[in-house]
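Trainee: I am new to this structure. Could you take me through a single part of it, slowly and closely?

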Amino acid sequence: MGSEAGHSENVQQSSRFVATWLVGGVVLGLSVLGLRFALPKKKKKRPIRVYMDGCFDMMHYGHCNALRQARALGDQLVVGVVSDAEIIANKGPPVTPLHERMIMVGAVKWVDEVISDAPYAITEDFMRKLFDEYNIDYIIHGDDPCLLPDGTDAYALAKKVGRYKQIKRTEGVSSTDIVGRMLLCVRERSTGDSPSHASLQRQFSHGHSQKSEDGGARSETRVSHFLPTSRRIVQFSNSKGAGPGARIVYIDGAFDLFHAGHVEILRLARGLGDFLLVGIHTDQTVSANRGVHRPIMNLHERSLSVLACRYADEVIIGAPWEVSKDMKYARMDSVYY
């Protein structure tokens, strides 16, 4: 009987121990679960989205540099391309139609999203749409004034609500300047100038015409003397080269007045491999093969325009007209014409 009583007591003690362990485990589990829900969840940091708009007519490296600067102020860049109708109402008819301007802006490697038919001025409704639908944090514009026909600031509302940031305008190039260079080339080709034609040349030339010793205009390429700094080239360049085993495609050209057709040919070439190397011909080479009136943009300007394109991985500045043996270092797998 004593043995049975002792065994019964041991069983009871074991049962109490197991029950206590189970209850403690349940309480601890509930406590941890409650603590998990009680602690605030760490929110994932939302990317800063910035918006920049523009006409982007006859798009050039100055536009690209503005977009580069805007992108540096946030994590994602949304770009509004102003409609043809809005440009006509505020500035006069654009040279490049909207669909081509959309292609050009979308091809810039710093652009994450493009909005078509953007208004010329930031209105109350459009600003609310940017903030609510596109989650825009800041509206960006250059330090050059943007005034409407009535003299008011196109970005007044954005400035008023404290959501405006400013970037520095790229000196040395503008769409007006490029039109001037083109008109000078037209003058050299023509046998005579009409009064209206001469007036346009005076309006747009900005002193790019060079004079010969006898006082007449010299028949040679009228190009800008813009020279980029090494810092600007680095800012436009990609940081990564072709990886091991990458298929390298090479294409060359003048890429003068970089346009939507150039973008398309680079896109197609890039699709043929893993890395696209683009050769940019010198001014002298272009003049010798395309005529003394070309190029309109100089070698460095053309190189920056190509470097800004998302399809170009690297460029050879001053590439020869024909692929030479000296270029074997580039490990080109195919050449695209």
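Mentor: Here is a close look at one strand, then at its surroundings.

This is a predicted model. Start with strand β2, residues 76-82. Is this strand mostly covered or mostly open? Mostly covered: six of its seven residues are buried.

Now look at the neighbours of β2. On one side is strand β1, residues 49-54. The two strands pair in the parallel sense, over six bridges. Val-50 has Leu-77 of β2 as its bridge partner. Asp-53 has Gly-80 of β2 as its partner.

How does the chain get from β1 to β2? The path goes through helix α2, residues 61-71. This β-α-β crossover is right-handed.

Next comes strand β3, residues 113-118. Four bridges join β3 to β2, and these two strands also run parallel. Find Gly-80 again: Ile-115 in β3 stands opposite this glycine.

Step back to the whole sheet. It is open and has five strands, in the order β3-β2-β1-β4-β5, with parallel pairing. Which strands stand at the edges? They are β3 and β5, the latter covering 164-167. Each has a single partner strand, so one side of each is left without a neighbour in the sheet. From one strand to the next, the twist averages 30°. Strands of a sheet pair through backbone hydrogen bonds, either parallel or antiparallel.

A helix lies across part of this sheet. Helix α5, residues 124-132, lies across β1, β3 and β4. Strand β4 spans 138-142, and α5 runs at about 120° to it.

Now the cysteines. How many disulfides are there? The count comes to zero. Cys-55 is in no disulfide, and the nearest cysteine sulfur, that of Cys-146, is 7.7 Å away. Cys-55 is buried, with a relative accessible area of 13%. Cys-146 is in no disulfide either. Cys-146 is buried too, with a relative accessible area of 14%.

End at helix α7, residues 175-189, where Arg-181 is found. Is Arg-181 buried or exposed? Arg-181 counts as buried, because its relative accessibility is 0%. Its side chain makes a polar contact of 2.8 Å with the side chain of Asp-177.

Conventions. Residues numbered from 1 in each chain as written. Predicted model: local features only at pLDDT ≥ 70, side-chain atom pairs only at ≥ 80, totals over all residues. Heavy atoms only, no water. Buried < 20%, exposed > 50% of the residue type's maximum accessible area, 1.4 Å probe, protein only. Pairing = 2+ DSSP bridges. Right-handed = clockwise from strand over helix to strand, strands pointing away. Polar contact = N/O pair within 3.5 Å; in protein donor to acceptor, adjacent residues only side chain to side chain. Axes fitted to C-alpha atoms, helices over the stretch in contact; angles between N-to-C directions. Contact = heavy atoms within 4.5 Å. Disulfide = S-S within 2.5 Å.
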